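These are my notebook entries on one chain. I set down what I looked up, entry by entry.

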Amino acid sequence: MATFTLSDLAGIDRYKLLTGLIVPRPIGWIGTVDAEGVHNLAPYSFFNCVSATPPTVVVGTGHRSGSPKDTLSNLRETGVFTVSIVTEGVVEAMNATSAEVPPDVDEFAEAGLTAVVGTTVDAPYVGEAKAALECEVNRIVPLGDPPKSWLVIGDVRIIHVQDDILDGTRIDPQRLEAIGRFAGSGYCTTVEGLFSLERPT
Ligand SMILES: Cc1cc2nc3c(=O)[nH]c(=O)nc-3n(C[C@H](O)[C@H](O)[C@H](O)COP(=O)(O)O)c2cc1C
């Protein structure tokens with residue numbers, strides 16, 4: 001078995017090992033707005049829900065040539081964001097919104113998506129998504145010294161869910177058709193591979 005010491009590895013190798021092993025990752029499609037009101041949308045697979053009480057999600061964002069990505073800049077400016085759930089029907093649009101574009105470009109418009117402004121936050125979510133969360137930034141934690149990445153911790157305020165994937169508060173995973181991410185350009189669907197495992201009593 002090969003053994004790697006992370007501090008001895010080049011950044012790309014750390015990235016390939018971690019993103020190849022920790023799979024599949026959910027994709028948070030993060031909608032933000034800057035102080036001038038320009039909308040921004042980008043996918044982040046360093047993303048997860050880490051607590052239901054309090055309802056908490058996390059997003060990890062790297063930097064781009066030494067500068068923060070637009071999502072992080074906007075989160076610092078306005079303190080709010082949305083998470084649209086990435087499903088089979090919107091996967092191409094999700095990928096399109098990962099393109100590097102100047103901060104004044106609205107990626108909703110670029111990708112032909114409908115921006116729906118939240119009911120409790122000014123940040124927009126994807127109208128075509130089957131579900132979306134409205135969140136407020138709880139804190140932003142720099143990672144590394146000097147920081148190379150930032151962990152955004154968000155409080156979930158509102159959840160929007162399409163009626164036909166819902167039974168009370170239970171989500172039908174077959175109808176949700178969520179997408180997971182592997183390393184690089186690898187993705188998985190979640191319907192065919194779904195199985196049940198009862199917990200021990
Ligand atoms: C499926 C997918 C997941 C991604 N996950 C991340 C991530 O977790 N962290 C990150 O910094 N970039 C991630 N990226 C790259 C960003 O989406 C990309 O840098 C984007 O241009 C950032 O946009 P922004 O500057 O508008 O925030 C991901 C890209 C794709 C396609």
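Entry 1, helix 2. I looked up which residues of helix 2 (residues 70-78) are buried, and found Asp70, Thr71, Leu72, Asn74 and Leu75. Buried here means under 20% relative accessible area, exposed means over 50%, and partly exposed lies in between, with a 1.4 Å probe and protein chains only. Helices (H or I, at least four residues) and strands (E, at least two) are DSSP runs, numbered from the N terminus. After helix 2 comes Gly79, with a positive phi near 75°.

I note that the model is predicted: local features need pLDDT of at least 70 and side-chain atom pairs count only at pLDDT 80 or more, while totals for chains, interfaces and linings use all residues. Residues are numbered from 1 along each chain as its sequence is written, and side-chain values use heavy atoms, with hydrogens and water left out.

I took a nonpolar core as a set of buried Ala, Val, Leu, Ile, Met, Phe, Trp, Tyr and Cys residues joined through side-chain atoms within 4.5 Å. The largest one has 15 residues, and Val57, Val59, Phe81, Val83 and Cys135 have the most contacts inside it. Two or more residues of this core come from each of strand 3, strand 5 (55-64), helix 2, strand 7 (80-85), strand 10 (131-143) and strand 11 (149-161). Strand 11 gives the most, three residues.

I checked strand 3 (residues 39-44) for cover: six of its six residues are buried. His39, Leu41 and Pro43 point one way, whereas Asn40, Ala42 and Tyr44 point the other way. Strand 2 (residues 28-33) runs antiparallel to strand 3, and six bridges join them; strands pair if DSSP finds at least two bridges between them. Gly31 has Leu41 as its bridge partner in strand 3. The two strands form a hairpin with five residues between them, and Gly37 in the turn has a positive phi of about 95°.

I counted rings of Phe, Tyr and Trp (its six-membered ring) as paired if their centres lie within 6.5 Å, with planes under 30 degrees apart stacked, over 60 edge-to-face and the rest tilted. The count comes to one aromatic pair. Tyr15 and Phe46 form this edge-to-face pair, 6.4 Å centre to centre with 70° between the planes. Tyr15 lies in helix 1 and Phe46 in the loop between strand 3 and strand 4 (47-52), 31 residues apart. Tyr15 is partly exposed because its relative accessible area is 31%, and Phe46 counts as partly exposed at 43%.
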